Amino acid sequence: MASSTGSYNSPCAACKFLRRKCTPGCIFSPYFPPEEPHKFANVHKIFGASNVSKLLNELLPHQREDAVNSLAFEAEARVRDPVYGCVGAISFLQRQVDRLQKELDAANADLIRYAAAATQAPPPPPRHRSAVDYGRGGGGGGGFYNQTPSSFTFPYNYHFPTWNGGGVDGNI
Amino acid sequence: MNSSRCAACKHLRRRCPSDCIFSPYFPSNNPQRFAFVHKIYGASNVGKILQDLPVNLRSKAADTLCYEASRRIEDPVYGVVRELTNLDEEIQKAHCQLARIRAQIAVIQARDEVDNVNNPNFFPPQND
């Protein structure tokens with residue numbers, strides 16, 4: 001959340017942390033409001049103020065807010081889990097994707113079975129000469145046989161323990 | 001001694017001591033690995049992170065730091081967080097697909113039940 005309160009009222013969180021004057025052109029002040037001191041503290045601990053400043057300066061202004069938020073997310077993940085950081089969360093989500101793919105495969109197989117059983121329903125017995133028509137009109141437009149092929153692509157194949165931290169919700 | 005410097009000490013242009021924190025994880029044959037972490041985190045921060053960990057966990061930490069650094073260099077705005085977002089979207093899509101398939105199964109089952117109830121052969125004939 002970009003803030004423009006910056007240096008007019010109080011120094012931004014970065015300049016407070018670094019104990020320096022927060023100038024009007026401070027690169028950090030739009031993105032590190034004074035009410036969120038932990039955000040900068042984490043980012044500084046993991047990346048360092050100088051590296052963050054260089055990175056932000058290399059980006060266009062409209063990209064900086066997202067960059068800061070993703071850096072803050074990564075930094076918090078690394079502070080909570082110094083060994084795996086965000087990679088632990090990736091591993092956790094990949095396992096969820098694996099599990100869901102298996103559930104999808106099983107559900108698709110069930111669907112095919114049910115649909116096949118429905119179209120192969122036995123005809124009425126001959127002595128009744130029944131005109132019963134089961135009225136199966138084709139199963140509703142072909143959707144029943146729609147097997148979506150897997151399109152999950154995994155970036156790599158680490159095997160890490162389950163992510164134990166919180167806040168892994170993809171919301172930046 | 002120069003030839004046995006690790007990638008970090010070569011990059012930092014310094015002597016590589018025997019207890020160098022970087023040398024087990026940044027061998028000299030892979031200079032890019034240290035270059036990435038140095039660019040994103042800085043040598044000092046990486047050293048502190050590794051120093052604070054038990055020795056048996058440092059290799060994994062170095063690997064994940066390298067991975068995240070390489071992703072940040074490829075994508076300076078989102079870094080590795082983009083993968084998390086993509087995975088999250090895949091999970092949401094999979095949940096929707098699963099719900100749709102289960103609804104389709106429920107429709108078929110419901111139709112089967114209705115057909116069974118409406119089938120005159122389901123009940124014993126009364127006028128035979």
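**Notebook: a predicted two-chain model**

I began with B:Tyr67, which I located in helix α4 of chain B; helices (H or I, at least four residues) and strands (E, at least two) are DSSP runs, numbered from the N terminus. This is a predicted model, in which local features need pLDDT of at least 70, side-chain atom pairs count only at pLDDT 80 or more, and totals for chains, interfaces and linings use all residues. Residues are numbered from 1 along each chain as its sequence is written, chains are lettered from A and ligands numbered from 1 in the order in which they are written, and side-chain values use heavy atoms, with hydrogens and water left out.

**Entry on B:Tyr67.** I found B:Tyr67 buried, at a relative accessible area of 9%. Buried means under 20% relative accessible area, exposed over 50%, and partly exposed in between (1.4 Å probe, protein chains only). From B:Tyr67 to B:Phe36 I noted 31 residues in sequence and 8.9 Å in space, C-alpha to C-alpha.

**Entry on cysteines.** B:Cys66 is buried, at 8% relative accessible area, whereas B:Cys96 is exposed, at 54%.

**Entry on confidence.** I then read the pLDDT, the predictor's confidence in each residue, from 0 to 100. Chain B has a mean of 91, and 91% of its residues reach 70 or more. Within chain B, confidence is highest in helix α4 (residues 55–74), at 97, and lowest in helix α5 (residues 81–118), at a mean of 91. For the complex, the predictor gives an ipTM of 0.82 and a pTM of 0.73.

**Entry on chain A.** I recorded 6 helices and 0 strands in chain A. Of its 172 residues, 41% are buried.

I next examined helix α3 (residues 37–46) and helix α5 (residues 61–80) of chain A, which pack at an angle of about 75° with their axes 8 Å apart. Axes are lines fitted to C-alpha atoms, for helices over the stretch in contact, and angles run from 0 to 180 degrees between N-to-C directions. The two helices are therefore roughly perpendicular, a term for angles of 65 to 115 degrees. Contact means heavy atoms within 4.5 Å; the residues making it include A:Val43 and A:Ile46 of α3(A) and A:Leu71 and A:Ala75 of α5(A).

Note on methods. Parallel < 35°, antiparallel > 145°, perpendicular 65-115°, else oblique.
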